[in-house]
Every structure is written in C-alpha cells, then in structure tokens.
Amino acid sequence: MYSIPKYDLQTAVELPPCQGPKLRRFRDFAGNIKFKKLLSNPVTEDSGAEKKRVDSSDISTGGHGYVFEIDIEGETFALKIFKFCSIRKLRQAYASAWSDEVNDEILIYHSDPFFAECRAYGRMNEVSSVQESGKRNDPTVISRRKSDRTGRELAAPCHGFLALSTAKYDKIFRESFGIKDWSRSEDDKKLSQDQRQPFRALVKTFLGSEKSMRRPRKMLDDLKDLRSLGIFQRDIFARNYVDGLLVDFSLAETDPYWIWDLIRDEGRLLEKRKNAELHLMLFTELGRQTAASR
Ligand SMILES: Nc1ncnc2c1ncn2[C@@H]1O[C@H](COP(=O)(O)OP(=O)(O)OP(=O)(O)O)[C@@H](O)[C@H]1O
Ligand SMILES: [Mg+2]
C-alpha cells in the first residue's frame, strides 16, 4: 500500500513541502471569488493525436483541471483548479518502469500536475525576486541565461496557490458550469462536503481570450530561458499558449527532478535495471520532448 504524504493546503505558506523550488500562497483577501467564465473547454476542440497527452491523460475531459476567468476584490485573474491525482495513476503515468526507484512523496511532490506547476512557477518567481532585488550576479541565479528578462516574463505570471473549500465551491462548479469530475478518491467521496479535500488552485494573470501562438522567435527564446532555469515544459501545443505566452506547466519537470537524478547516475541505473529497452524508450521520449522544446 502506498502512503499519502501529509501537507496542509489550508495553512501551508509555500508548496511543495520538499527540497527544490516552491510557490508561495496567494495573498489573503476579503470576500468571495467570483467565477465569471470557464476558459478551458471540457469538450475538446482538438483532434486526433492531441487528445492524449505525454502522461496519457485525456484532454477531452478537462485535462488536468479547469481554468476560469475570476474576480478577486475587483481584480481579474485566471484561476486554474486542479483535478485530484492518485498515487496509482501517477505511478502508471510516470514511473511504471521505475516504481522501486522513487518514493510516493517525491513522485507526488514533483509530478502531480498541481505540484509540477507550483515547482515551475516557484522557480520562475524565485529567479525574478533575485533579479528584481538587484542581485543579478548572484551565483544562485542560473548563469547560462542570455537574456535579461525576469522569470515572470517567460510565461503567464502566477501569483500563488489557493485552497478552495469543497463545501463552498463544489456547488458552483456543478450548478453554474456543469463540472462534476474532479477525480476524487473513493475515500474522499465518502466524506461529507466540509471534510473533503479542498480544491487546489493557482492564481495567474488573465491574458485574455485569444488562444494563440504568436511571435515564434520570442516563444523559442522563452523556452530556451525556461530550460536554462531548469524548467522543461514538455507540453508544447497551441492550446497551452495564450497571446504567445505559455500558460500550462502541469507536465513540467523542474530541476531538481527525480528522473533526472536517476539519469545523472546512469551507470548505476543501467546496472540495476534488467529491462534496458525501457530505458531506451524513456531516453527517446525525453529526447523527443527536449527537441520539441528547443
Ligand atoms: N492565464 C490565462 N489567461 C487566459 N486564458 C488562460 C490562462 N490560462 C489558461 N487559459 C485558458 O485555459 C485553457 C486551459 O489552460 P491549461 O492548459 O493551463 O489547463 P489544462 O487543464 O492543462 O487544460 P488542457 O487540457 O486544455 O491543456 C488554455 O488553453 C487557455 O485557453
Ligand atoms: Mg493545457
């Protein structure tokens, strides 16, 4: 049996609770969130090959979550609310070849789509803070970057995470937007609304409604800069760009990342594993993804 790691979404100041980049909580605010519009479409408009992602999740059922245009204290944002993700599903998607090489905590904190985005944005924000505070030559800032743009300029900016009470918001999603599928565990479904896990959400700058890839040279520079920060987005599709900026990091791998640690120690890995073909597949997949993001 897999143990589910403990973290308190309601009180955590930053997430995930493990080594590496972390995203801070969104500011405290008075009043309610007003949900204005569902931006992500639960029924896919994409066709064929784009229906399944790298991690085999099906984008036609709302992908890794749902994104809304919202209002908080009179300010407009995009709010991405994540579906829940079981450790079994994560193991199937990411670690079927290496299930004995990674523990549950690290797999969840690195690869669960919510935490994957927290880590990618955590890195962008931490680099921006250092740059903005004038310490551009700080050795902790990755030095391979050629451009002078701050981390926050490389993607739709993220202002922090939020926990939303199920008792308060489930009804709104169900009744106003027809959203019922959050992939909750059977155990969670047995609990009363106010005992259930809160929704996990990220607050981002609302970029408008134009789903578009534009300024390809800048898009390429963004990807290169992200890579130099140790962020591999791994999901380069038109649906993940708005107005030429990346909005989706739910499949991102951000350094330090558990698979990379294994690959760094390739000799040990190959010695340990009997089925070399699986490694070949993985290296090919990583190579393909890396080439796609060049
Ligand atoms: N910051 C933003 N501003 C405006 N629109 C956004 C923003 N973030 C996301 N969107 C819209 O919501 C859609 C889904 O966002 P995102 O890709 O982050 O979620 P997802 O769950 O991975 O969805 P999908 O399965 O479509 O990839 C985007 O294609 C875009 O249309
Ligand atoms: Mg997406």
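Where is P16 found? Here are a few friendly notes on that and other points of this predicted model.

1. To take the opening question up directly, P16 sits in the loop between strand 1 (14–15) and strand 2 (23–24). P256 belongs to the loop between strand 11 (253–254) and helix 7 (258–264). Both are worth a look on screen, please: most residues other than glycine have a negative phi, and most peptide bonds are trans.

2. Positive phi. S183 is not a glycine, yet its phi is positive, at about 50 degrees. You will find S183 in the loop between helix 4 (166–177) and helix 5 (186–190). With 16 other C-beta atoms within 10 Å, S183 counts as partly exposed. R234, also not a glycine, has a positive phi of about 65 degrees. R234 lies in the loop between strand 8 (231–232) and strand 9 (241–242). This arginine is buried, because 21 other C-beta atoms lie within 10 Å and the cut-off for buried is 20 or more.

3. Confidence. The protein has an average pLDDT of 81, and 74% of the residues score at least 70. Residues 43–50 stay under 50, and the model gives them nine contacts beyond four places in sequence. Residues 274–280 are also below 50, with four contacts beyond near neighbours in sequence. Where pLDDT is low, the predicted coordinates should not be read in detail.

4. The nonpolar core. The largest nonpolar core has 50 residues, and L79 and A201 have the most contacts inside it. Helix 3 (residues 113–132) supplies the largest share of this core, namely eight residues. Beyond four places in sequence, A201 touches L79, K80 and I81, along with F161, L162 and L164. As background, nonpolar side chains tend to be buried together in soluble globular proteins.

5. F161 and its surroundings. F161, one of the contacts of A201, is part of strand 6 (residues 158–164). F161 is classed as buried because it has 27 C-beta neighbours inside 10 Å. Its contacts beyond four places in sequence are L15, L23, R25, F26, C118, R200, A201 and L202. F161 and E14 are 147 residues apart in sequence, while their C-alpha atoms are 8.3 Å apart in space.

6. Helix 2 against helix 3. The axes of helix 2 (residues 104–111) and helix 3 come within 5 Å of one another and cross at roughly 65 degrees. From helix 2, I108, Y109, H110 and S111 meet F115, A116 and R119 of helix 3. By class, this contact has four nonpolar, two polar and one charged residues.

7. The shell around ligand 1. Ligand 1 is surrounded by 21 residues, of which S40, G63, A78, V247 and D248 are the closest. Strand 4 (65–72), strand 5 (75–82) and strand 7 (199–205) are the elements that each give two or more residues to this shell. The shell residues comprise nine nonpolar, seven polar and five charged.

Key:
Residues are numbered from 1 along each chain as its sequence is written. Chains are lettered from A and ligands numbered from 1 in the order in which they are written. This is a predicted model: local features need pLDDT of at least 70, side-chain atom pairs count only at pLDDT 80 or more; totals for chains, interfaces and linings use all residues. A residue is near a molecule or strand if its C-beta atom, placed from the backbone, lies within 6 Å of it. Helices (H or I, at least four residues) and strands (E, at least two) are DSSP runs, numbered from the N terminus. Ala, Val, Leu, Ile, Met, Phe, Trp, Tyr, Cys and Pro count as nonpolar, Asp, Glu, Lys and Arg as charged, and the others, Gly among them, as polar. pLDDT is the predictor's confidence in each residue, from 0 to 100. Two residues are in contact if their C-beta atoms, placed from the backbone, lie within 7 Å. A nonpolar core is a set of buried Ala, Val, Leu, Ile, Met, Phe, Trp, Tyr and Cys residues joined through C-beta atoms within 7 Å. A residue is buried if 20 or more other C-beta atoms lie within 10 Å of its own, exposed if 12 or fewer, and partly exposed in between; C-beta atoms are placed from the backbone. Axes are lines fitted to C-alpha atoms, for helices over the stretch in contact, and angles run from 0 to 180 degrees between N-to-C directions.
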